[in-house]
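Reader: I am new to this structure. Can you take me through the terms used for it, one at a time?
Author: Gladly. Look at it first.

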Amino acid sequence: MTTYSVREFRARISEILRSVEEGEEVIITRRGKPCGKVTPVPPSPEDKPSLRTLRGAYADVLPDATYQDFLDIKSIWEPRMPPGEEDHDRAG
């Protein structure tokens, strides 16, 4: 966790926010005492990449991967539905 004075934070805000987006937490100080904390926002389910995006990102690294391989990879980050709720979710 990095600490910045208010003055330094204002001068370097773009750079600091990039590091926050990468997961770093930042403490802001005023006159040497902590006065605030900037933390990353957890990703929402809508922020997850689509299967097409996943396939495109890994096409060079995994040239022999099949469509099913990517479905398996995608299923790792998708939330699991309790048995029986899949059908209810599709119907609604």
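Author: Start with contact: it means heavy atoms within 4.5 Å. Keep in mind that this is a predicted model.

Reader: What does threonine 29 touch, not counting residues up to four places away in sequence?
Author: Threonine 29 touches Thr3, Tyr4, Ser5, Val6, Pro34 and Cys35. Threonine 29 itself lies in strand E2.

Reader: Why is threonine 29 called buried?
Author: Buried means under 20% relative accessible area. Threonine 29 has 12%, so it is buried.

Reader: What makes strand E2 largely enclosed by the rest of the structure?
Author: E2 covers residues 26–30. Four of these five residues are buried, so the strand is largely enclosed.

Reader: How do you know that E1 and E2 pair?
Author: Pairing needs at least two bridges between two strands. Strand E1, residues 2–5, and E2 have four bridges, in the parallel sense.

Reader: What makes E2 and E3 a pair?
Author: The cut-off is again at least two bridges. Five bridges join E2 to strand E3, residues 33–38, and the two run antiparallel. Valine 26 has valine 38 in E3 as its bridge partner.

Reader: How many residues lie between E2 and E3 in their hairpin?
Author: Two residues lie between them. Arginine 31 is in this loop between E2 and E3. Its phi is positive, about 55°, although arginine 31 is not a glycine.

Reader: Why is arginine 31 called exposed?
Author: Exposed means over 50% relative accessible area. Arginine 31 has 81%, so it is exposed.

Reader: Which residues of helix H2 are buried?
Author: H2 spans residues 13–21, and Ile16, Ser19 and Val20 are buried there.

Reader: How do you know that they are on the same side of H2?
Author: They cover an arc of only 105° around the axis, which puts them on the same side of H2. In general, an α-helix has 3.6 residues a turn, so residues three or four places apart point the same way.

Reader: What covers the buried residues of H2?
Author: The cover includes E1, helix H1 (6–11), E2 and E3. After H2 comes glycine 23, with a positive phi near 115°.

Reader: Why is the contact of arginine 12 with glutamate 8 called a salt bridge?
Author: A side-chain nitrogen of Lys or Arg must be within 4 Å of a carboxyl oxygen of Asp or Glu. For arginine 12 and glutamate 8, the closest N and O atoms are 2.8 Å apart. That makes a salt bridge.

Reader: What links Glu8, Arg12 and Glu15?
Author: A network of salt bridges links them. Glutamate 15 also meets arginine 12, at 2.5 Å from N to O.

Reader: Why does arginine 12 count as partly exposed?
Author: Arginine 12 is at 29%, so it counts as partly exposed. Glutamate 8 is at 31% and is partly exposed too. Glutamate 15, at 41%, is likewise partly exposed.

Reader: What makes glutamate 25 and lysine 37 a salt bridge?
Author: The limit is 4 Å. Their side chains meet at 3.4 Å, N to O. The pair links distant parts of the chain, 12 residues apart. Glutamate 25 is in the loop between H2 and E2, and lysine 37 is in strand E3.

Reader: How many salt bridges does the rule give?
Author: The count comes to three.

Key: Residues numbered from 1 in each chain as written. Predicted model: local features only at pLDDT ≥ 70, side-chain atom pairs only at ≥ 80, totals over all residues. Heavy atoms only, no water. Buried < 20%, exposed > 50% of the residue type's maximum accessible area, 1.4 Å probe, protein only. Arc of directions from axis to C-beta.
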